[in-house]
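Please look through the model below with this briefing at hand.

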Amino acid sequence: MEPQYKPEQIENSAQKFWEENASFKAIEDPLQEKFYCLSMFPYPSGKLHMGHVRNYTIGDVIARYQRMLGKNVLQPMGWDAFGLPAENAAIKHGRPPAAWTYANIAEMKGQLQRLGFGYDWDRELATCDPDYYRWEQWLFTRLIEKGLAYRKTATVNWDPVDQTVLANEQVIEGRGWRSGAPVEKRDIEQWFIRITDYAQELLDDLDRLPGWPEQVVAMQRNWIGRSTGVQITFAIEGSGETLEVYTTRPDTLMGVTYVAVAAEHPLALRVAVTNAALAEFIAECRRGGISEAELETMEKRGMPLGIYALHPVSGERVPVFAANFVLMGYGTGAVMAVPAHDQRDWEFADKCGIEKRQVIFDGEGQECGIERAAFVDKGVLANSAPFDGLSSDAAFDAIAAWLEKHHKGERRVNFRLRDWGVSRQRYWGCPIPVTHKADGSVEPAGDLPVRLPEDVMVDGSGSPLKQMPAFYDLGNGDQRETDTFDTFFESSWYYARYCCPDADSSMLDQRANYWLPVDQYVGGIEHAILHLLYARFFNKLMRDEGLLECDEPFSRLLTQGMVVAETYYRSGPDGAKEWFNPADIEVERDDKGRAVRAIAKSDGEPVTPGGIEKMSKSKNNGVDPQILIDRYGADTVRLYTMFTAPPDQSLEWSDEGVEGAHRFLKRVWNLGLRLAEDGSGTSRPGGDSNCADARRELHGTLQKALFDYERQQYNTVVSACMTMVNILTRLDDSADAAAVRREGVSIMLRLLSPIAPHIAHTLWQELGYGEDIEHAGWPVVDESALVSDTTAYVVQVNGKKRGTIEIPTDAAQDAVEQAALEDQNVRRFTEGLTVRKVVVVPNKLINIVVQ
């Protein structure tokens, strides 16, 4: 056995063993309990960052733990390879996106392997592989046939420079995130999938996910946004037209003082033909984003159309405005405005001098005026004949019934969720498999896959597919669709394809029903809504296509915390900040660890601490995992990321912490050396009292660690391993002690194995425990070792701790009381005083009450 801990040597050897023995290859076995552990696959940017390392270490710890419990474990890995970042990087580096992506995949795969993650690499997939995306193309053609995929004109964010649609998140202060050009609203033909047909099921099935964080469930519930309300019809004065509006507060109907429509609403467009000012206002509204978040913060603006709607109950004339806070793509593109009881409506009315008519008052008679803000609570109706005196809840039903009776409205359930627009005007994505026929019809492509040309250079000015007749021109006037799928399309079903990546005659086969649902999914909270919602939706689409049986894809979800680190910067003359990596800074700290002075090592000049932030390129506070692996080894990096914080909390980076993790692994190695020198250690464990105490501590610590593994608190598992090393190191060199040490090291290595697998594997073999620790079986608490002949009691005098005593476990209560009273230290606080009573909490506490 090597006298020194040499991480690179033992890690290379362990990884070679795993590869040669196919240690992580998953094979379906109906007689063995399965466990499917999956971490969200990465975008192949070319380099792992510490967020990747933490995410994938958590997943690997879970998978290895479950394997040691005797389960049949599947843990695959692949690449979320399509997307805009590849195009931008390709432009920057002058390479086709395909070549850039494949090179990055090779680089990142090597990094993942160097960390010792136990993946079944035979199941590796990349979403840019035609053998993968052909099946989502096939499913899309089936959705078209079922009417679940359709094409319609939609208002989108359009970047006039990049010539593409932008997601709401890509519009920053009204400009494209990449080009910086003012964004326009544009109506273009888009492909959509009817996720709204599944809205209620997606909502209901959230109740079947007890293994998901409550925060994620709440976010999805809010995003789906089920509401019960009333669809109300407002007639337009002097015409046969009507406006449909939806409200969840029909109790406020009698307080309507104006109606607002989207700038692109047909009513507004018709008036704008002869109203230049309105036409200019509509043009202004077309500049800027279309997100609800943007609507919340923008200045509320509008213009009267000069036409009136008729109140459905009172018949009163209500002015109609075109407003920038109403979106054509949401609901009906029109809203009834109740300034007295909606803050947005109040602000607009206040600005435009529109009446605010209060019709809801506090039921307890409390002050609820609307002079400074809207009164938005429910209450009792007034100024609302014939509904005066009703509570808001009672008025909901009464007004809905009145409207239905008079054919002016109906109760309706609405969802905030909108159908999923899947078209993107980008090159590096999966081609949408449809053909535009010469006669104007559209039909699904018959020959799949529709392959994306890969030897293509991009310049950022729109999709090159539109300039490639060899791709789109099918002859006879027929043209292939040049839009590509939203990249969420690929990531919505990859978890299922891992189950049968070599299936060449179907999207999935029966192996999917063996492995699914995923038992443990690991990923960031930033994916709480879109990815996780789309994956749940896709699972139901595949189920309804007969491809799999489960209703939900992920039984349990762990959202890991961020990796954060200190930041340092200098401000330039123009106010721009230059960020410095923490490794390039010398920091002087006070006795509480706070930075009091920081200077750049390069020039000795001061820098300003910028606080703790998520590791990022923009703040230059990242740490290169490869440098740490080369310096300390993969096990040190893995151990540090697990020890520093619970998985679901933020991990604050500390170079000193990494050093500490490395020192601990050296201690583990040295303990192994000592055990090797002990010889066979064949004596029966626990012969003398010191050894019995050590075993009691070992198995007590093991008991806590096993519980912590179940609740995924790996930081305290590492603490338990450290405690065990301390216990075993204290033992002397007797034969009994050597036997306890051998038992203890066996326990400690198995606990440590999922977290630091290389050193555990090597020591397991070197110390003669067996060939492969992965199949050694999980340690079990020896309950007899926990039994003690004595019990420790804390002794209090008038509630204050005054001593600790050891008493035979079987001692009678009067003996326990007497022992406490006779303790030398306790007597200092009772001498000369009268003992009123002695309270004994069995096996724990004695309180002596004196006067």
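This is a predicted model: local features need pLDDT of at least 70, side-chain atom pairs count only at pLDDT 80 or more; totals for chains, interfaces and linings use all residues.

Residues are numbered from 1 along each chain as its sequence is written, and side-chain values use heavy atoms, with hydrogens and water left out.

**Salt bridges**

- The structure holds 60 salt bridges, a salt bridge being a side-chain nitrogen of Lys or Arg within 4 Å of a carboxyl oxygen of Asp or Glu.
- In one of these pairs, Arg511 and Asp502 meet through their side chains at 2.6 Å, N to O; Arg511 counts as partly exposed because its relative accessibility is 24%, and Asp502 counts as exposed because its value is 53%.
- Asp483 and Lys466 form another salt bridge, with their closest N and O atoms 3.8 Å apart.
- That pair links distant parts of the chain, 17 residues apart, since Asp483 sits in the loop between strand E22 (478–480) and strand E23 (484–485), and Lys466 in the loop between strand E20 (442–444) and helix H13 (469–472); helices (H or I, at least four residues) and strands (E, at least two) are DSSP runs, numbered from the N terminus.
- Asp483 is buried at 5% relative accessibility, whereas Lys466 is partly exposed at 37%.
- Arg741 and Asp733 also form a salt bridge, the closest N and O atoms being 3.9 Å apart; here Arg741 is buried at 0% relative accessibility, and Asp733 is exposed at 62%.
- A network of salt bridges links Glu201, Asp205, Arg208, Arg536, Lys540, Arg543, Asp544, Asp551 and Glu552.

**Backbone geometry**

- Leu448 and Pro449 are joined by a cis peptide bond with omega of about 5°, and Pro449 is placed in the loop between E20 and H13.
- A cis peptide bond also joins Leu516 and Pro517, with omega of about 0°, and Pro517 lies in the loop between helix H16 (511–515) and strand E24 (520–524).
- Ala22, although not a glycine, has a positive phi of about 45°; Ala22 lies in the loop between helix H1 (7–20) and strand E1 (34–39) and is partly exposed, with a relative accessible area of 41%.
- Asn476, likewise not a glycine, has a positive phi of about 60°; Asn476 is found in the loop between strand E21 (473–475) and E22, where Asn476 is exposed at 75% relative accessibility.

**The four-stranded sheet**

- Four strands form an open sheet with parallel pairing in the order E2-E1-E24-E25, two strands being paired if DSSP finds at least two bridges between them.
- Strand E2 (72–74) and strand E25 (557–560) stand at the edges with a single partner strand each, so one side of each has no neighbour in the sheet.
- The twist averages 20° from one strand to the next, where axes are lines fitted to C-alpha atoms, for helices over the stretch in contact, and angles run from 0 to 180 degrees between N-to-C directions.
- E1 and E2 run parallel and are joined by three bridges, and Tyr36 stands opposite Leu74 in E2.
- Helix H2 (residues 50–68) packs on the sheet and touches E1, E2, E24 and E25, its direction making about 170° with that of E1; contact means heavy atoms within 4.5 Å.

Notes
Buried means under 20% relative accessible area, exposed over 50%, partly exposed in between (1.4 Å probe, protein chains only).
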